[in-house]
Amino acid sequence: MNPFIYKEHALHCENVALAEIAARVGTPCYVYSASTIVENYHAYDEAFGDIPHMVCYAMKANSNLAVLRLLAKAGAGFDIVSGGELFRVLKAGGDPSKIVFSGVGKTAPEIDEALAAGIFSFNCESEPELALIDALAHRRGVKARIAVRVNPDVDADTHHYISTGSLEHKFGIALAEAEKVYERARQHANLVLEGVSCHIGSKLMDSAPLLEAADLVLALIERLRAKGFDIQHVDLGGGLGVAYEPEEVTPAIRDYVRQLHAKVQGRSLRVMVEPGRSIVAASGVLLAKTLYRKKTGGKEFVIVDAAMNDLIRPALYSAYHEILPVRARGAATLRADVVGPVCETGDFIARDRDLPELLPGDVLAVCTAGAYGFVQSSTYNARRRAAEVLVEGSEWRVVRTRETYDDLIRGEEAL
Ligand code: LLP
């Protein structure tokens, strides 16, 4: 359910008017709906029904401690890709036995921290990584559960920066080489080769490539079992998209999971998924205030106080984010670029967008910003990172305060 709706011309998140949050916390500010996040998690969890499963939220999408705590309390596992993510999720009360560690460049200290925490499994992406995990597990006197990440060479039909499942990408081990890699990995006495994983890309609006990859991975599992490998789990990654543009339709989580369920049923496998965007994207908006209107040549600009350092998706992926005025202003009468204060032409939130009449001081909500928004923000142009707010029904709390100028220089020394 979309938690952002107008009530008496005022845009609300659940039961809280966004204008109230903007007035009290200031802008730019991220606002997240707790119920949407939990609902999306439950959609995954419930649709798997009776088959053993684990929904490992890909916390790279939004790693605010309050968001992690909500999901941990709901029973989620977590997909991490760094020691920093491990630190965050443990702080938030995540259960280490439900953590999978993905990523192509895990360092020795990161692997060791994960072994110390007792995570569920490592999704391994290369043979040298297998050897390193084996050595570190030996030193600790533990066994490490492993799923080799295979690259099924499926075209994910998404932006080329976030497609990962073709052989030209740095990710995983080619499917054709996977069996040999498992054979060679038998020499590592401290590894338990009990899983296979894959992740083919992000923002997939159609589940067909995800299901095609699942078929290829399940066929590999049968071949590995025939060779005597005791494969217990399959991790099918994340990737399900959400609608950003008005004409797009969000693929239903439950439909996708039911299709996975049908494929995995009866195979004695625990199935895992690593969704990020589909859990948090629609839960969040970025609030920004209109500073100025300006015309140069024939072009109209709305200059706002949020910029590419706050939300880089438009600049980086030409991403579209719907923009809604927090106070309803009627039909669109204006076509403009919505831009921020950063000194780059690439600093835009929307281009040639039809908008209602906007005046300085008007607050805008940049929609579908709950995933890959705050986490990809920076302090470029010495701009302080935005505040984050979590709404639960009629209650709201600041879950990350706006950075201060002192935060900006922490650790620096003017010699
Ligand atoms: N698992 C692995 C191994 C991943 O690399 C990713 C995302 C996920 C799971 C979660 O995928 P999701 O369910 O969120 O699609 N910054 C980009 C998206 C990058 C995705 C990177 N990997 C964006 O703003 O669109």
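Which backbone N or O atom lies 2.9 Å from an oxygen atom of the ligand? In this predicted model, that atom belongs to Gly 239.

View 1. Besides the backbone atom of Gly 239, at 2.9 Å from a ligand oxygen, an N or O atom in the side chain of Arg 313 is 2.6 Å from an oxygen atom of the ligand, and a polar side-chain atom of Asp 79 lies 3.3 Å from a ligand nitrogen. Of the 590 Å² of accessible area that the ligand has on its own, the protein covers 91%.

**View 2. The shell around the ligand.** The ligand is surrounded by 18 residues, the closest being Ser 202, Glu 274, Arg 313, Tyr 317 and Tyr 372. By class, this shell holds seven charged, six polar and five nonpolar residues, and at least three residues come from each of domain 1 (4–32 + 281–409) and domain 2 (34–278).

View 3. The side chains of Glu 179 and Arg 223 form a salt bridge with an N to O distance of 2.9 Å; because Glu 179 lies in helix α7 (residues 175–185) and Arg 223 in helix α8 (residues 208–226), the pair ties together parts that are 44 residues apart in sequence. Glu 179 is buried, at 16% relative accessibility, whereas Arg 223 is partly exposed, at 34%.

**View 4. A network of salt bridges.** Arg 293, Lys 295, Glu 300 and Glu 357 are linked in a salt-bridge network, within which the side chains of Glu 300 and Arg 293 meet at 3.1 Å, N to O. Glu 300 is buried, with a relative accessible area of 13%, while Arg 293 counts as partly exposed at 28%.

Note on methods: Residues numbered from 1 in each chain as written. Predicted model: local features only at pLDDT ≥ 70, side-chain atom pairs only at ≥ 80, totals over all residues. Heavy atoms only, no water. Near = heavy atom within 4 Å. Polar contact = N/O pair within 3.5 Å; in protein donor to acceptor, adjacent residues only side chain to side chain. Areas by Shrake-Rupley, 256 points an atom, 1.4 Å probe, with all protein chains shown as cover. Nonpolar A, V, L, I, M, F, W, Y, C, P; charged D, E, K, R; others polar. Domains from an automatic or database assignment. Salt bridge = Lys/Arg side-chain N within 4 Å of Asp/Glu carboxyl O. Helix = DSSP H or I, 4+ residues; strand = E, 2+ residues; numbered from the N terminus. Buried < 20%, exposed > 50% of the residue type's maximum accessible area, 1.4 Å probe, protein only.
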